[in-house]
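Take a look at the chain below. This short report walks through a few of its features.

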Amino acid sequence: QVQLKESGGGLVQTGGSLRLSCTASGRTFIMAWFRQAPGKEREFVAAITWNFGVTYYADSVKGRFSISRDSAEKSMTLRMNSLNPEDTAVYYCAAEQQTVLKASVMGPDTYGNWGQGTQVTVSS
């Protein structure tokens with residue numbers, strides 16, 4: 001099991017950009033970002049495998065968000081551009097140490113480790 005720590009949340013205007021970071025305390029197979037807005041279910045945003053850097057994106061953020069990993073810093077970064085109010089949510093870092101099937105990447109139950117979350121608010 002690993003501990004996760006997120007940083008970088010905040011308030012931005014529509015069309016603005018924000019960068020989120022997450023650091024894991026140990027080895028993981030895959031790390032991901034999820035988000036949850038009030039009254040909505042937890043939603044997959046993006047993921048990246050640690051060894052090969054294979055990325056996955058939700059259709060709603062594809063082309064606007066970019067996920068990456070930094071081997072030296074042992075961290076994961078989500079760069080968010082062209083933000084709109086629909087992106088407002090609490091963003092959670094997630095990680096899983098065991099092998100994950102491609103079909104399961106977007107499912108919250110796939111991940112056994114979660115950060116505390118960081119608020120992202122996009123004003124209109």
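Predicted model: local features only at pLDDT ≥ 70, side-chain atom pairs only at ≥ 80, totals over all residues.

Four strands make an open sheet, ordered β1-β3-β8-β7, with antiparallel pairing. β1 (4–7) and β7 (65–70) stand at the edges. Each has a single partner strand, so one side of each is left without a neighbour in the sheet. From one strand to the next, the twist averages 15 degrees. Look at the β7 edge. Six bridges join β7 to β8, and these two strands run antiparallel. Within that pairing, I67 has L78 in β8 as its bridge partner.

| β1 | 4–7 |
| β7 | 65–70 |

**Residue T55.** Is T55 buried or partly exposed? T55 is partly exposed, because its relative accessible area is 33%. Beyond its neighbours within four places in sequence, T55 is in contact with A47, I48 and I67. I67 also has the bridge to L78 in β8. T55 and S68 are 13 residues apart in sequence, and their C-alpha atoms are 8.1 Å apart in space.

**The disulfide.** A disulfide is a covalent bond between the sulfur atoms of two cysteines. The count here is one disulfide. C22 and C93 form it, with their sulfur atoms 2.0 Å apart. The torsion about the S-S bond of C22 and C93 is about -80 degrees, so the disulfide is left-handed. Both C22 and C93 are buried.

Technical notes:
Residues numbered from 1 in each chain as written. Heavy atoms only, no water. Buried < 20%, exposed > 50% of the residue type's maximum accessible area, 1.4 Å probe, protein only. Contact = heavy atoms within 4.5 Å. Pairing = 2+ DSSP bridges. Axes fitted to C-alpha atoms, helices over the stretch in contact; angles between N-to-C directions. Disulfide = S-S within 2.5 Å.
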